[in-house]
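I set out to record, entry by entry, what I looked up in this structure. The entries follow the order in which I consulted it.

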Amino acid sequence: MRRIPALLLTLTASVALVAELPAQSQPSYGPGDVNLEHTRAYAFIGKGGLVGHTHAVAGTMSRGRLVLGAPQNAGEFVFDMTSFEADGEAARAYVGLKGGTADWMRKQVNEHMHGTSGLDTKKFPTAVFKIDSATPLATAAQSGKPQYELRGAFTLFGATRPLRIVADAEMINGWVHVTTQFTIKHSDFGRKPYSKAMGAIGIADEVKIWGDAWVAPAATAVAARPAARTLR
């Protein structure tokens, strides 16, 4: 997958969005609706200074829709930036960080993350990935799952940038399970990553993100490998 030229989701867009397996799809969900209860976004934030720390972040969506196979108007992910928390056990385990974090440190990290030098969630409570298209690719993932290219625009901190990601999809228990992994930079959205002590302590500009979403199947629901299309 090519380098993604946008998105933070510290988040951020999609978004590995994984919780426990949801129950069989319910009639209250329309085609393409995202199961918000079981959808998650995770991020790994590296250290940016000599004595910085690595962090794992997890959060949820406030609204979501995705129609795989749609060549236009494929959906929208609205991330609830106020829901993101740093260094919880599940988040650290998901991104591969060992050990836990003391409660006092978690509180301090979250205060910085939600403050004006971080996500500034009072001013920017949401981030939005508007998905223009979600088209199938010719090649499957290494796991054999069908792959889709999601193209659109991501808005964060009031700045909008193009975003393209590749996602795996498979049908599980009546839901389409969509997963993705990509990398973005704070600076893509005009933000400097948090730092202090003349840069000795801080976080990295680059953020690694996983998205794991559960989506109600549409007419184009995944059944087997999709029709051929190559990624350009």
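**Entry 1: His 38**

I began with the side chain of His 38, which makes a polar contact of 3.2 Å with the side chain of Asn 35. I placed His 38 in the segment before strand 1 (40–47). I then checked its accessibility: His 38 has a relative accessible area of 7% and is therefore buried, the cut-off being under 20%. I also noted Pro 22, 16 residues away along the chain, whose C-alpha atom is 6.5 Å from that of His 38. I note here that the model is a predicted one.

**Entry 2: Overall layout**

I next turned to the whole chain, which has 2 helices and 9 strands. Read from the N terminus, the order of elements is β-β-β-α-α-β-β-β-β-β-β. Of its 232 residues, 48% count as buried.

**Entry 3: Nonpolar cores**

I looked up how the nonpolar side chains are grouped. The largest nonpolar core has 44 residues, and the members that touch the most others are Leu 66, Leu 68, Phe 79, Phe 129 and Leu 150. I found a second, separate core of 7 residues, among them Tyr 42, Ala 91, Val 95 and Trp 210. As background, I recall that nonpolar side chains tend to be buried together in soluble globular proteins.

**Entry 4: Helix 2**

I examined helix 2, which covers residues 103–114 and has 12 residues. From first C-alpha to last, helix 2 reaches 16 Å, close to the 16 Å expected. Which residues of helix 2 are buried? I listed Val 109, Asn 110 and Met 113. Viewed down the axis, the buried residues of helix 2 fall within an arc of 100°, so they line one face. On the face turned away from that buried side I found the exposed residues Trp 104, Lys 107 and Glu 111. The general rule I had in mind is that an α-helix has 3.6 residues a turn, so residues three or four places apart point the same way.

**Entry 5: Salt bridges**

How many salt bridges does a search of the whole structure find? The search returned 6. I went through several of them.

- Glu 76 and Arg 63 form a salt bridge, with 3.3 Å between the closest N and O atoms. This pair links distant parts of the chain, Glu 76 lying in strand 3 (residues 75–86) and Arg 63 in strand 2 (residues 55–66). Glu 76 is partly exposed, at a relative accessible area of 26%.
- Glu 85 and Arg 106 meet in a salt bridge of 3.6 Å, N to O. I placed Glu 85 in strand 3 and Arg 106 in helix 2, 21 residues apart. Both ends are partly exposed, Glu 85 at 46% and Arg 106 at 23%.
- Arg 92 and Asp 87 form a salt bridge with the closest N and O atoms 3.2 Å apart. Arg 92 is in helix 1 (residues 89–95). Here both partners are buried, Arg 92 at 9% and Asp 87 at 3%.
- Glu 149, Arg 151 and Arg 164 are linked in a network of salt bridges.

**Entry 6: Asp 212**

Asp 212 is buried but has no salt bridge. What is the nearest side chain of opposite charge? I identified Lys 145, 8.0 Å away. Asp 212 does have a polar contact of 2.5 Å, side chain to side chain, with His 177.

How values were computed: Residues are numbered from 1 along each chain as its sequence is written. This is a predicted model: local features need pLDDT of at least 70, side-chain atom pairs count only at pLDDT 80 or more; totals for chains, interfaces and linings use all residues. Side-chain values use heavy atoms; hydrogens and water are left out. A nonpolar core is a set of buried Ala, Val, Leu, Ile, Met, Phe, Trp, Tyr and Cys residues joined through side-chain atoms within 4.5 Å. Buried means under 20% relative accessible area, exposed over 50%, partly exposed in between (1.4 Å probe, protein chains only). Lys and Arg count as positive and Asp and Glu as negative; His and the chain ends are not counted. A salt bridge is a side-chain nitrogen of Lys or Arg within 4 Å of a carboxyl oxygen of Asp or Glu. A polar contact is a pair of N or O atoms within 3.5 Å; within protein, one must be able to donate a hydrogen and the other to accept it, and residues adjacent in sequence count only if both atoms are side-chain atoms. Helices (H or I, at least four residues) and strands (E, at least two) are DSSP runs, numbered from the N terminus. The expected span of a helix is 1.5 Å times one less than its number of residues. The arc is that of the directions from the helix axis to the C-beta atoms.
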